[in-house]
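I set out here the points I looked up in this structure, entry by entry.

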Amino acid sequence: MAVFTAVGLGDLTQWIKQFPLGNAVALKGIASGIENSNFFLTTERGEYVLTIFENLGFDQLPFYLKLMRHLAERGIPVPAPVANDQGELVVALHGKPASIVSKLEGSSQMAPQPAHCAAVGAMLARMHLAGRDFPMEQPNLRGLGWWNETTPKVLPFLTAANDHLLRAEMHFQEAFAGSAHYCALPHGPVHADLFRNNVMFVGTRLTGFFDFYFAGCDTWLFDVAVTLNDWCIDLDTGVIDQARARAMLDAYHAERPFTEDERASWQQMLRAAALRFWLSRLYDLHLPREAELLTPHDPSHFERILRERIATPAPELFHG
Ligand SMILES: Nc1ncnc2c1ncn2[C@@H]1O[C@H](COP(=O)(O)OP(=O)(O)O)[C@@H](O)[C@H]1O
Ligand SMILES: N[C@@H](CCOP(=O)(O)O)C(=O)O
């Protein structure tokens, strides 16, 4: 159950009038999701998703919603936020920030084939390019600074072997972040959490990216690494599936060619992307906040991926 704030159709009768959507005619809570209260909302104008944000505040939300609007206006299939009569994308509902976005068609593809991975790679590259002229700046709030803050908080819960792994990897990533190759990486707005459950498909047709609430400005390669570490692996072992990885990387490269600095940074970035989710899962498991993570994700999944990325050479980022 992921409706933390109860809302009924009656609550929307007056509230919805500030939006150019006509009357609300149906509202249904969405059971999946772990962070916010989400509802499918039908109005006289169509199908939408109403989200009440349980953890993010009014100050933080404009970055995410304006980024989604920016991308939608440039033809990237992402939920388009609906502005109210004051031009606001975030408005209060039951005292919490809320927004209405367009509903994407399709469903998540949890057993992707190379064709799905190619579609995700191509769209990710198009999304990066479309974000180049987005004027707002917000760092990736789950970047190196957060890793440095979080590491000492989770270390007391770790085995000796994992304590060693985390300290050693943090050391390695600090050095990587200071390298000349890293400093030359192309960057801009990134999704930063483009897992299988955050993309919609109808068959092999990609119909949308959603859940932009970890987005921020970071290297594009980090986004590729996060995405590949979820879409192109054997989930039991963390080992990269070569066919799916090749399909994703080649499709990305065809839309936005990778650079030599990215090639030189690829293995390190796959490790960084694994570390990021190992750390957040450790944090959420051992130091949970209220109204979050009803069932914490398993940190050992990303510990396994990190060990695997350290031990095994990465597939070539691009040929030639
Ligand atoms: N714009 C959208 N269009 C269609 N379905 C959506 C949309 N946004 C969310 N959903 C549905 O709601 C579910 C929960 O959304 P999600 O963003 O993952 O929630 P949370 O932020 O709470 O984790 C998704 O799995 C998806 O099925
Ligand atoms: N993808 C992250 C958790 C974020 O959850 P989401 O439902 O908001 O995508 C993980 O797997 O740790």
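**Entry 1. Helix α8**

I looked up what the buried residues of α8 pack against, and found α3 (114-130) and α7 (220-231). The model is predicted: local features need pLDDT of at least 70, side-chain atom pairs count only at pLDDT 80 or more, and totals for chains, interfaces and linings use all residues. Residues are numbered from 1 along each chain as its sequence is written, and chains are lettered from A and ligands numbered from 1 in the order in which they are written.

The buried residues of α8 are R244, A245, A247, M248, L249, A251 and Y252. A residue is buried if 20 or more other C-beta atoms lie within 10 Å of its own, exposed if 12 or fewer, and partly exposed in between, with C-beta atoms placed from the backbone. Helices (H or I, at least four residues) and strands (E, at least two) are DSSP runs, numbered from the N terminus.

I then checked the length of helix α8 (residues 242-255): at 1.5 Å a residue its 14 residues should span 20 Å, and its end C-alpha atoms are 20 Å apart, which agrees. The expected span is 1.5 Å times one less than the number of residues.

**Entry 2. The largest nonpolar core**

Which residues touch the most other members of the largest nonpolar core? I found V120, A225, M248 and A274, in a core of 78 residues. Helix α9 (residues 260-286) gives the largest share of this core, 12 residues. At least three residues of this core come from each of domain 1 (9-102) and domain 2 (114-311). A nonpolar core is a set of buried Ala, Val, Leu, Ile, Met, Phe, Trp, Tyr and Cys residues joined through C-beta atoms within 7 Å.

**Entry 3. R263**

R263 is found in helix α9. Residues up to four places away in sequence left aside, R263 touches F258, L317 and F318. I also noted that R263 and L221 are 42 residues apart in sequence and 9.4 Å apart in space, C-alpha to C-alpha.

**Entry 4. The two domains**

The chain is divided into domain 1 (9-102) and domain 2 (114-311); such bounds come from an automatic or database domain assignment. The centres of the two domains, taken over C-alpha atoms, are separated by 27 Å. At their contact, 17 residues of domain 1 meet 21 residues of domain 2.

**Entry 5. The five-stranded sheet**

I traced an open sheet of five strands in the order β1-β2-β3-β5-β4, with antiparallel pairing. β1 (24-29) and β4 (91-93) stand at the edges with a single partner strand each, so one side of each is left without a neighbour in the sheet. On average, neighbouring strands of this sheet are turned by 35° against each other, direction ignored. The axes are lines fitted to C-alpha atoms, for helices over the stretch in contact, and angles run from 0 to 180 degrees between N-to-C directions. Two strands pair if DSSP finds at least two bridges between them.

Strand β2 (residues 37-43) runs antiparallel to strand β3 (residues 46-52), and seven bridges join them. The two form a hairpin with two residues between them. In this pair L41 stands opposite Y48, and T42 stands opposite E47. Five bridges join β3 to strand β5 (residues 96-102), again antiparallel, and here Y48 stands opposite S102.

β7 and β8 pair in the antiparallel sense over four bridges, with V199 opposite F209. Their hairpin has two residues between the strands, and G203 takes a positive phi near 65° there.

Most residues other than glycine have a negative phi. Phi of A192 is near 75°, and A192 is placed in the loop between β6 (187-190) and β7 (199-202). Phi of D211 is near 60°, and D211 lies in the loop between β8 (205-209) and β9 (216-219).

Conventions:
Contact = placed C-beta atoms within 7 Å.
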